[in-house]
Amino acid sequence: MGDLVIAGLSKSFGGKCAVAGIDLNIPKGQMVGVIGRSGAGKSTLLRMINRLTEPTTGSVAFGSRDITRLEGAALRQWRADCGMIFQQFNLVGRLDVLTNVLLGRASQGGLLPLIFKHFGMRERVLAVKALDRLDMAHVWTQRADSLSGGQQQRVAIARTLLQEPKLVLADEPIASLDPKSATVVMDALRSINREDGITVLCNLHTIDTARRYCDRVIGMANGRIVFDGPATALDRAALRLIYAGGEEHDVNEAVTSVDIQAASG
Ligand SMILES: Nc1ncnc2c1ncn2[C@@H]1O[C@H](COP(=O)(O)OP(=O)(O)OP(=O)(O)O)[C@@H](O)[C@H]1O
Ligand SMILES: [Mg+2]
């Protein structure tokens, strides 16, 4: 139960193929990093999983649910089951931290509580607990836009926790952060994965992060999967495959971030 099964998944924009027939089986509880150069199709893949983007062909299933066929309330439920984390956090800047976290509950309580900022005590306690878990409870009254990027991303993760997600999809969650904040945010995602057993699928720009945090790494190039294995198998040959045909600086960035031993292999 709770495995994510992707079969023959493709997406074309106009005549251009962004994702080209992906088959992928992710058992419940894995932490998976998706890497690949810009335009490889990483975001499109993630967005098709929660149906922000409609696939051209293929299917996505989660447990017994055929995600690609969901409509109406069932589709809204699936979107609530998918916690999305974005590079730009997507908080409401003029609202306080606690309200932002409570927005994670929006799909369950409808719009009225949001409009009147009226949440029950149970919700509020859950929100503070989620913030506390991310070491952010002390800023609960502050406006979201007064926080640093790393703090905002932690609030975004707390908001996701309030959705009680079955799956977390993170699209470049640390791309806008300094290294210290990036570590805190990735630690938080890993703790959700390890402690709550929630599958995490995370698009990443840096190989080092994928190696450090992910059980499994998927390498994409031109809309296809060209590498699928443990982070330890991510050697120079695999990186050449993933970054083949890319801009020279992409290749250099990837290769310089591999430790010297692997690079010389
Ligand atoms: N809404 C869209 N309309 C048209 N083309 C799109 C759209 N979204 C993505 N594409 C194209 O699909 C391809 C894959 O894009 P995608 O955003 O999935 O790549 P990515 O791997 O996430 O890249 P990046 O690392 O830059 O985020 C690119 O060629 C992109 O231009
Ligand atoms: Mg992207």
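The buried residues of helix α6 are covered by elements that include α3 (97–102) and α7 (149–162); helices here are DSSP runs of H or I of at least four residues, numbered from the N terminus. The model is a predicted one, in which local features need pLDDT of at least 70 and side-chain atom pairs count only at pLDDT 80 or more, while totals for chains, interfaces and linings use all residues. Residues are numbered from 1 along each chain as its sequence is written, and chains are lettered from A and ligands numbered from 1 in the order in which they are written.

On α6, Leu 126, Ala 127, Ala 130 and Leu 131 are buried (20 or more other C-beta atoms, placed from the backbone, within 10 Å of the residue's own). They lie on the same side of α6 because they cover an arc of only 135° around the axis, taken from the directions from the helix axis to the C-beta atoms. The face turned away carries Met 121, Arg 122 and Val 125, which are exposed (12 or fewer such atoms). Just after α6, Asp 135 takes a positive phi of about 60°.

Val 101 links this picture to the core. Its contacts (C-beta atoms within 7 Å), not counting residues up to four places away in sequence, are Ala 127, Ala 130, Leu 131, Val 155, Ala 158, Arg 159 and Leu 162. In the largest nonpolar core, of 73 residues, Val 101, Ala 158, Leu 189 and Val 200 touch the most other members; such a core joins buried Ala, Val, Leu, Ile, Met, Phe, Trp, Tyr and Cys residues through C-beta atoms within 7 Å. Helix α7 gives the most to this core, with six residues.

Conventions
Helices (H or I, at least four residues) and strands (E, at least two) are DSSP runs, numbered from the N terminus. Two residues are in contact if their C-beta atoms, placed from the backbone, lie within 7 Å.
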